[in-house]
Amino acid sequence: MASGPPSGAKKEQWGTRVGLVLAVAGNAVGLGNFLRFPAQAAQNGGGAFLVPYLISFVLMGLPILWVEWAIGRHGGQYGHHSAPGMFARLGRARWLKYVGVFGLFTNLTVAAYYCYIESWTLAYVWHSLRGTFEATPPTTFFPEYLGTTNADIAAIPYEAAGFFLATLTLNVWLLSRGLVRGVELAAKIGMPLLLGFGAVLAIKGLFLGTGDPGVVESPLVGLNFVWEPQASGLFNPSTWLAAAGQIFFTLSVGMGSIHCYAAYLRERDDIALNATTAGTVNEFVEVILGGSILIPIATAYLGLAAVQAATAGGSGFGLGFLTLPTLFNQWGWFGPIAGAMWFGLLFFAGITSSLAMGQPVLAFLQDEFKVKREKAALGFGLATLLLGGLVVVLYPGGTFDEFDFWTGTFSLIVFALAEVLIFGWIFGIDRGWAELNKGADLRLPSFYKYVIKYVTPLFILVVLFGAMVKPSIGWSEAASQLMSTGSWPFAVDSVLGKLLHVGETGGYFDASGKITPMFVKDLTRVILLTVFAMIAALVWRAFRGRNIEASTQRPDEQEGGAS
């Protein structure tokens with residue numbers, strides 16, 4: 001059975017190096033750069049958060065980036081552009097390809113709810129230009145838009161559903177056009193616009209003065225709060241966990257999309273410099289640009305103490321979607337334009353990321369089942385519509401939060417840990433190091449060889465443990481309670497807290513017979529497990545009878561492209 005592209009088939013490749021870097025940076029630069037990072041910084045002491053964050057980037061983020069680029073380029077030489085085939089090539093064990101299931105599952109399920117958030121930004125661009133928020137406060141508009149004001153948690157929010165369909169259609173159309181004419185083109189257009197809009201808003205916001213209408217505090221107070229490094233964060237375990245967790249969000253590692261993008265490189269194309277450049281661009285956007293918009297502008301009009309209170313939970317969605325549109329009304333004629341630029345910025349950040357989520361699914365269908373790209377794009381669109389439709393309709397019941405936690409957080413950490421261990425210990429750190437430096441324009445410091453094998457896995461293990469047993473009180477207080485009573489006070493947003501329904505009461509149906517959030521959450525978990533099992537079955541079907549794990553011969557070295 002063929003183990004690579006058919007004889008004479010032309011392998012897709014990136015058009016330009018700039019396009020590749022922008023596409024990978026666009027994959028990483030997402031909504032979390034502008035919403036989650038500022039909120040996490042505000043909740044964890046501002047500059048006190050910055051020091052553990054940068055250390056986590058150096059010791060965990062960059063190594064995972066390099067590992068994913070190396071796995072991707074290596075797998076691409078054997079004709080595999082999605083995680084199952086790539087991981088099968090890292091050793092002789094047959095189970096390795098099933099680790100790659102995470103690289104399909106995470107992209108598909110994250111895309112389902114991420115496209116929904118993306119559609120919010122598109123809707124807000126439209127309503128900003130229409131002047132909706134001058135007459136209707138976002139605190140009134142947004143709940144009605146999402147359908148959370150409806151007594152029935154399964155009611156359809158028609159406007160939100162319409163924008164979701166429009167956003168998903170655009171994603172599918174761009175994916176169907178191919179790597180260069182779709183994904184790369186979107187990055188070349190979207191990333192410069194994103195940077196331009198962000199620069200305009202940052203400059204306008206930072207030049208606000210206490211003499212301007214509505215301004216109560218200098219925006220520089222908020223800027224200094226985020227950017228001024230403080231060593232105190234080094235001694236707070238919660239700050240370290242938050243900082244390390246943010247790295248997964250900001251770099252889009254542990255998903256399988258970076259692997260896919262790297263698989264379209266040639267054998268000796270640089271990955272060390274490309275990965276470092278893409279990661280640095282993302283950090284610039286997040287720390288420099290993302291840290292200069294939301295917190296400083298909100299601080300100017302609300303005061304720093306109010307901003308910290310508004311970011312409780314660490315998501316930033318409240319400030320971004322409820323507060324900022326109202327504050328833009330203070331900017332006169334420029335207010336609607338500023339609103340459109342802010343949400344346009346978020347839209348471009350979102351779509352460059354969601355395209356990266358679709359590409360691995362298309363690649364799997366194309367490589368392993370020989371499905372044409374257009375049909376593969378439609379298949380991805382249909383699957384995303386079904387899963388995303390569930391998120392749209394059952395958003396009030398908590399489906400969105402379940403998708404976000406299990407697929408956008410927990411699954412990422414598990415996959416990242418598995419890939420780093422496989423790369424360092426099964427593929428072998430010596431082979432891995434040689435792969436990383438093959439054709440490199442940038443020679444990596446040799447000490448990173450040991451960081452990848454020992455330090456990075458330990459970092460991820462700590463993050464995983466924190467996600468599993470995160471306490472509802474301080475870590476020291478929780479440890480004391482465990483020692484004295486034998487019970488651990490799990491937080492509601494930890495793995496065990498969610499599984500045990502901490503903080504929830506009642507059953508699956510209320511007194512009137514309607515379904516409850518508890519029912520919705522458990523239903524969502526069953527659906528996600530079913531999707532994972534179905535993808536694993538597809539992987540089994542794709543590689544049934546193929547002994548690809550034992551082969552080290554690349555398709556371009558095989559006669560006729562077949563084994």
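Q: What should I know about the model before we start?
A: It is a predicted model, where local features need pLDDT of at least 70, side-chain atom pairs count only at pLDDT 80 or more, and totals for chains, interfaces and linings use all residues. Residues are numbered from 1 along each chain as its sequence is written, and side-chain values use heavy atoms, with hydrogens and water left out.

Q: And what counts as a helix?
A: Helices are DSSP runs of H or I with at least four residues, strands are runs of E with at least two, and both are numbered from the N terminus.

Q: OK, at what angle do α12 and α14 cross?
A: Roughly 110 degrees, and their axes come within 10 Å. Helix α12 covers residues 237–251 and helix α14 covers residues 272–289. Axes here are lines fitted to C-alpha atoms, for helices over the stretch in contact, with angles from 0 to 180 degrees between N-to-C directions.

Q: Parallel, antiparallel or perpendicular, then?
A: The angle makes α12 roughly perpendicular to α14. The cut-offs are 65 to 115 degrees for roughly perpendicular, under 35 for roughly parallel, over 145 for roughly antiparallel, and oblique for the rest.

Q: Left-handed or right-handed crossing?
A: Right-handed, as α12 passes α14. A crossing is right-handed if the near helix is turned clockwise from the far one by less than a right angle, and left-handed if anticlockwise.

Q: Which residues make the contact?
A: From α12, Gln246, Thr250 and Leu251. From α14, Gly279, Asn282, Glu283 and Glu286. Contact means heavy atoms within 4.5 Å.

Q: How many of those are nonpolar, polar and charged?
A: The contact of α12 with α14 has one nonpolar, four polar and two charged residues. Ala, Val, Leu, Ile, Met, Phe, Trp, Tyr, Cys and Pro count as nonpolar, Asp, Glu, Lys and Arg as charged, and the others, Gly among them, as polar.

Q: How does α2 run against α12?
A: Helix α2 is roughly antiparallel to α12. Helix α2 is residues 31–43, and the two axes come within 11 Å and cross at roughly 180 degrees. Gly32, Asn33, Arg36, Phe37 and Gln40 of α2 meet Ala242, Gly245, Gln246, Phe249 and Thr250 of α12. By class, that is three nonpolar, six polar and one charged.

Q: What about α3 and α14?
A: Helix α3 (residues 47–76) and α14 have axes that come within 10 Å and cross at roughly 145 degrees. The crossing is right-handed. Residues in the contact include Tyr53, Phe57 and Trp66 of α3, and Ala275, Gly279 and Val287 of α14. The contact of α3 with α14 has ten nonpolar, three polar and two charged residues.

Q: Switching to single residues. Is Asn437 buried or exposed?
A: Buried, with a relative accessible area of 7%. Buried means under 20%, exposed over 50%, and partly exposed in between, using a 1.4 Å probe and protein chains only. Asn437 sits in helix α21, residues 429–437.

Q: What does the Asn437 side chain reach?
A: The backbone nitrogen of Leu444, at 3.4 Å. A polar atom of the Asn437 side chain also lies 2.9 Å from the backbone oxygen of Trp433.

Q: Where is Arg525?
A: In helix α25, residues 517–543. Arg525 is buried, at 11% relative accessibility. A polar atom of its side chain lies 3.2 Å from the backbone oxygen of Lys498. Beyond four places in sequence, Arg525 is in contact with Glu402, Trp406, Lys498, Leu499 and His501.

Q: And what is phi at His501?
A: Near 55 degrees, a positive value in a residue other than glycine. Most residues other than glycine have a negative phi. His501 lies in the loop between α24 (495–499) and α25, and counts as buried at 15%.

Q: Which loop holds Lys370?
A: The one between α18 and α19 (373–393). Lys370 is not a glycine, yet has a positive phi of about 55 degrees. Lys370 is partly exposed, with a relative accessible area of 44%.

Q: Last one: which residues does Phe343 touch?
A: Not counting residues up to four places away, Thr121, Tyr124, Val125, Ser128, Gly320, Phe321 and Pro325. Phe343 is in helix α18, residues 335–369, and is buried at 0%.

Terms used. Polar contact = N/O pair within 3.5 Å; in protein donor to acceptor, adjacent residues only side chain to side chain.
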